[in-house]
Amino acid sequence: MTGNHRNATITRRRAIVVTGGTVAAGGLAVAGYQSAFADTATGAETSATASASASSGSCTQLMSSVTEGPYYLDGALVRKNLTEGKDGVPLTLRLTVVDSTDGCTPVSGAAVEIWHCDAWGYYSGYTTASPSGSVPAESEEGDSANDSTYLRGYQVANANGVVKFETIFPGWYVPRTCHIHVKVHTGGEQEDGTYEGGKVNYTGQLFFADDIAEEIFALEPYAKHTGTYTALADDMVYDGGGATSGLLTLKAVHKKDPAKGYKGFLTLGIDPDAENTGAGSGGGGTPPSDGASPPSGSPSPSASASS
């Protein structure tokens with residue numbers, strides 16, 4: 001891809017581990033696809049499929065929680081569309097939350113929270129943090145997004161454990177590969193447009209196949225950010241485990257035109273009794289630029305985003 005090269009200089013560090021209870025992913029992946037992309041599927045159908053998958057020994061447990069990273073902000077809004085006018089390749093993200101301790105049954109009412117950078121590698125609330133490489137200032141994007149809230153939000157799972165987000169394909173920043181952060185909350189409730197109370201059961205990251213990411217990054221506006229892009233194999237968080245390590249399955253909206261967008265899905269197997277905020281050491285330690293401080297400039301959150 002033009003201007004972006006895989007980073008072969010970063011020493012591979014396995015910052016997360018797959019739990020010992022992980023088993024084959026195939027059966028549940030099918031169940032997750034059916035429940036995630038068929039909004040009309042009944043709860044009974046989804047539960048039956050998931051139960052059948054579990055009984056065949058194919059229930060998937062995701063990797064242990066990792067650090068939430070340096071760009072987390074409290075108070076994200078409950079909403080489906082996160083873009084706020086941010087330019088980029090459309091991404092419809094559908095995630096299915098299941099109870100990995102109870103036959104992979106759907107976790108209705110779970111609140112899934114995601115956040116990620118924009119097409120040039122900037123995060124809302126930290127717009128002065130340089131993604132490194134050659135990239136225009138975030139202020140040059142000319143969109144109408146709120147600098148404190150764009151590309152952040154919650155959705156509450158339906159009876160099938162499914163949430164859906166409308167967002168854009170994330171960009172990248174040094175030294176990380178393309179990714180989306182995710183937390184799964186239970187026991188809280190919607191209040192004043194956000195989600196309050198309860199506890200965080202899972203903190204992790206979602207990843208994208210290199211070939212698709214490179215294809216996207218050759219398009220505008222992504223192509224304006226040039227430099228050293230970190231491939232999956234060189235990332236300090238992704239450990240090569242495929243779906244069990246957060247690798248999304250992606251389906252192009254139009255096979256011959258990636259600019260039309262993608263649909264991505266993954267099943268998130270959680271323990272509703274567990275708690276892991278991802279703050280502090282977490283399961284993934286504190287790797288540079290994703291568990292300690294933002295890259296290139298040591299910025300602080302925007303004042304309006306601190307609440």
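The legends below describe close-up views of a predicted model.

**View 1. Overall fold of the protein.** The predicted model contains 3 helices and 11 strands. The protein has 307 residues, and 53% of them count as buried. A search of the whole structure finds 9 salt bridges.

View 2. Arg 79 sits in the loop between helix H2 (43–55) and strand S2 (90–99). Its relative accessibility is 16%, under the 20% cut-off, so Arg 79 counts as buried. Glu 84 is buried as well. The two side chains meet in a salt bridge, with 2.8 Å from N to O. The side chains of Arg 79 and Glu 84 also count as making a polar contact, listed at 2.8 Å. In general, side chains of opposite charge can pair when their charged atoms come close.

View 3. Which residue forms a salt bridge with Lys 86 at 3.0 Å between the closest N and O atoms? That partner is Asp 118. This pair links distant parts of the chain, 32 residues apart: Asp 118 is in the loop between strand S4 (111–115) and strand S5 (152–156), while Lys 86 is in the loop between H2 and S2. Asp 118 counts as buried because its relative accessibility is 0%. Lys 86, at 5% relative accessibility, therefore counts as buried too. Glu 141 forms a salt bridge with Lys 86 as well, and here the closest N and O atoms are 2.5 Å apart. Glu 141 lies in the loop between S4 and S5 and Lys 86 in the loop between H2 and S2, so this pair ties together parts that are 55 residues apart in sequence. Through salt bridges that share partners, Lys 86, Asp 118, Glu 138, Glu 141 and Asp 143 belong to one network.

View 4. Val 66 is another residue of the loop between H2 and S2. Is Val 66 buried or exposed? With a relative accessibility of 2%, Val 66 counts as buried. Along the chain, Val 66 and Gly 278 are 212 residues apart. In the model, their C-alpha atoms are separated by 5.6 Å.

**View 5. His 181 in strand S7.** Strand S7 covers residues 179–191, and His 181 is found in this strand. His 181 counts as buried because its relative accessibility is 1%. The side chain of His 181 is joined to the side chain of Tyr 123 by a polar contact of 3.5 Å.

**View 6. A patch of negative charge on the surface.** Which residues gather in this patch of negative charge? They are Asp 74, Glu 189, Glu 191, Asp 192 and Glu 196. Glu 189 has its place in strand S7, the strand in which His 181 is also found.

Definitions and conventions. Residues are numbered from 1 along each chain as its sequence is written. This is a predicted model: local features need pLDDT of at least 70, side-chain atom pairs count only at pLDDT 80 or more; totals for chains, interfaces and linings use all residues. Side-chain values use heavy atoms; hydrogens and water are left out. Helices (H or I, at least four residues) and strands (E, at least two) are DSSP runs, numbered from the N terminus. Buried means under 20% relative accessible area, exposed over 50%, partly exposed in between (1.4 Å probe, protein chains only). A polar contact is a pair of N or O atoms within 3.5 Å; within protein, one must be able to donate a hydrogen and the other to accept it, and residues adjacent in sequence count only if both atoms are side-chain atoms. Patches are made of residues with over 30% relative accessible area and no salt bridge: like charges are joined within 9 Å, nonpolar side chains (Val, Leu, Ile, Met, Phe, Trp, Tyr) within 5 Å. Accessible areas come from the Shrake-Rupley method with a 1.4 Å probe; for residues, only the protein chains shown count as cover. A salt bridge is a side-chain nitrogen of Lys or Arg within 4 Å of a carboxyl oxygen of Asp or Glu. Lys and Arg count as positive and Asp and Glu as negative; His and the chain ends are not counted. The place of a charge is taken as NZ of Lys, CZ of Arg, CG of Asp or CD of Glu.
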